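Please open the model in your viewer and keep the selection tool at hand.

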Amino acid sequence: MDSNTEIKTLQHFIGGRWVDAEDGAAFDVLNPLDDSLYARAAKGTSGDMRNAVAAAKSAFPEYRETLPKDRERWLLRAAEIMEGRKSELIDCLIDEIGSPIQKAMFEFEKGLTMVRAAAGMCRNVRGETIPSDAPGKFSMSIREPLGVVAIITPFNVPLIKTTRLAANALAVGNTVAHLPSEMAPHLTVLFAGIVAEAGFPAGSYNVVSGYGREIGDDLTGHKDVDFVAFTGSTVVGQHINEVCARNKTPNTLELGGKSPTVILADADLDQVVPLAARSIFMFAGQACIGSSRFYVERPLYDEFVKRFAMVASRIGMGDLRDPDTVIAPIISDRQRTRVKHHIADAVGKGATLVAGGEWDGNRCQPTLLTGVTEEMTVCKTETFGPVTSIYPIDSYEEGLEKANDTEYGLSSAIFTKDIDKAFHFARNIGAGMCHINGPTIHDEAHVPFGGNGESGVGREGTDADMEAMTELKWVTVQL
Ligand code: NAD
């Protein structure tokens with residue numbers, strides 16, 4: 001399969017129309033594999049952002065009255081159209097953000113599931129009847145959409161995040177203004193075309209491409225925005241939280257991570273090593289739930305390091321369209337500098353490179369470090385690259401303590417046959433998600449996905465978004 005080398009021109013989608021930036025400006029979107037030009041995208045201005053919010057606000061009164069059966073039909077139709085455009089979406093995931101085809105296929109299937117699962121929400125926007133102490137009073141709660149939902153998505157899983165957040169918001173009757181990552185606008189633009197073709201009313205879903213640092217506040221600080229769903233880095237999430245506070249706009253923040261995996265002495269390394277590799281090297285570690293810390297009980301430590309290094313050194317770094325390729329390019333110059341710094345700083349301060357550390361173009365080899373200490377940046381800071389540290393532990397208790405020694409709290413994993421320790425870990429790890437005998441990387445449409453501390457606020461998923469993106473109203477009738 002060859003990529004389509006034609007340079008794409010991307011527009012905003014506002015009020016059901018494709019439009020350029022109001023001042024006609026555009027920006028370059030680069031293919032991270034070789035920094036070649038992939039697309040020219042409309043460079044959103046504050047005015048464009050305000051227009052998108054205005055379109056969503058004016059569409060809301062009619063959209064909230066649409067019937068569940070219609071929203072359900074539009075969502076299921078969107079999923080069908082996605083299937084018909086599978087190769088276009090996959091090509092976009094490969095050439096816009098450098099996804100190896102395996103990751104692109106995985107993301108496509110997840111995205112499809114997100115849209116279908118959202119269709120199931122339409123008929124479940126429910127309140128309840130409430131007993132009343134007042135004689136003759138019939139009391140109930142009704143669940144209502146909030147209004148305009150602002151969505152801001154990252155570069156690394158643009159299809160999963162776009163489909164989940166947009167579909168869930170639309171399913172429960174909200175309208176949407178979406179600012180995708182400046183490094184992945186095409187994917188969201190493709191989704192906007194799918195939403196339009198599926199029959200969603202004009203103005204219900206709006207997309208403005210551009211730089212979040214320039215126009216993000218025009219979205220998150222807009223008084224007509226009723227909810228903000230943000231996924232991205234912790235530093236930007238903190239800023240958005242502060243901006244939202246000015247208007248008391250509720251928000252969910254899905255942020256960075258430093259997710260630990262604890263491996264106890266009774267674990268089966270044949271099972272664990274391939275999963276360990278998957279949990280950090282998928283998409284070259286550019287996954288919020290990637291495991292960037294491994295704590296291994298001493299009896300297994302040497303063998304684990306040896307086997308993990310062997311697997312790491314054999315991981316595919318070939319053509320992105322070859323199913324054996326796992327390692328993706330690192331998305332941008334800024335990120336490459338960060339990954340290089342984390343490795344060089346650790347090695348310079350005495351860590352041992354047991355695998356990787358070298359680069360091939362914009363791709364970093366799968367990299368394993370031992371002997372990592374707290375003075376090294378890589379120890380506690382998110383790298384967002386194919387780099388992980390392996391530490392020996394002398395007991396389960398030490399593993400739990402070290403796993404919890406972080407300001408993040410996104411995903412976590414433990415490998416053991418001891419059910420008591422496994423559940424103790426699940427109950428006591430300060431993370432939003434815990435996988436027993438499975439990798440830290442796992443997501444499904446209907447689970448409460450999210451983190452604590454520096455990893456975020458709130459949860460995503462069909463049930464969680466039903467709660468977050470709607471509000472209960474108390475209604476009584478005096479009979
Ligand atoms: P980023 O924070 O640089 O950018 C994310 C989005 O925020 C982009 O759309 C960007 O344009 C926008 N943005 C930037 N400044 C803004 C502002 N002032 N106001 C509003 N929006 C603004 O993150 P990234 O590099 O695209 O993604 C990587 C990060 O995302 C990592 O830290 C990763 O852990 C995190 N992430 C978290 C999850 C999760 O579910 N917890 C999932 C994927 C990625």
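Begin by selecting phenylalanine 283, which is buried, with a relative accessible area of 3%. The model is a predicted one. Phenylalanine 283 sits in the loop that runs between helix 9 (269-281) and strand 14 (291-297). Its phi is near 50°, a positive value in a residue other than glycine.

Next, select alanine 284, which also belongs to the loop between helix 9 and strand 14. Alanine 284 is buried, with a relative accessible area of 0%. Its phi is near 55°, again positive in a residue other than glycine.

Now turn to the largest pocket, whose volume is about 1400 Å³. Select Glu182, Met183, Ser233, Val236 and Arg334: of the 49 lining residues, these lie nearest the centre of the pocket. Then colour strand 4 (26-31), helix 7 (212-220), strand 11 (227-231), helix 8 (234-247) and helix 11 (333-348), each of which supplies at least two residues of the lining. Which helix gives the most to the lining? Helix 7 does, with six residues. Colouring the lining by class will show 20 nonpolar, 15 polar and 14 charged residues.

Finally, select helix 4, residues 101-119. From first C-alpha to last, this helix of 19 residues reaches 27 Å, close to the 27 Å expected at 1.5 Å a residue. Its buried residues include Ile101, Ala104, Phe108, Leu112, Val115 and Ala119. To see what covers the buried residues of helix 4, display among others helix 2 (68-84), helix 3 (86-97), helix 5 (158-171), helix 6 (185-198) and helix 15 (462-468).

Terms used
Residues are numbered from 1 along each chain as its sequence is written. This is a predicted model: local features need pLDDT of at least 70, side-chain atom pairs count only at pLDDT 80 or more; totals for chains, interfaces and linings use all residues. Side-chain values use heavy atoms; hydrogens and water are left out. On a 1 Å grid over the protein atoms alone, a cavity is a set of points where a 1.4 Å probe fits but cannot get out, and a pocket is an open set with protein on both sides within 12 Å along at least five of seven lines; lining residues have an atom within 4 Å of a point. Grid points are joined across faces, edges and corners, and a volume is the space filled by probe spheres set on the points. Helices (H or I, at least four residues) and strands (E, at least two) are DSSP runs, numbered from the N terminus. Ala, Val, Leu, Ile, Met, Phe, Trp, Tyr, Cys and Pro count as nonpolar, Asp, Glu, Lys and Arg as charged, and the others, Gly among them, as polar. The expected span of a helix is 1.5 Å times one less than its number of residues. Buried means under 20% relative accessible area, exposed over 50%, partly exposed in between (1.4 Å probe, protein chains only). Contact means heavy atoms within 4.5 Å.
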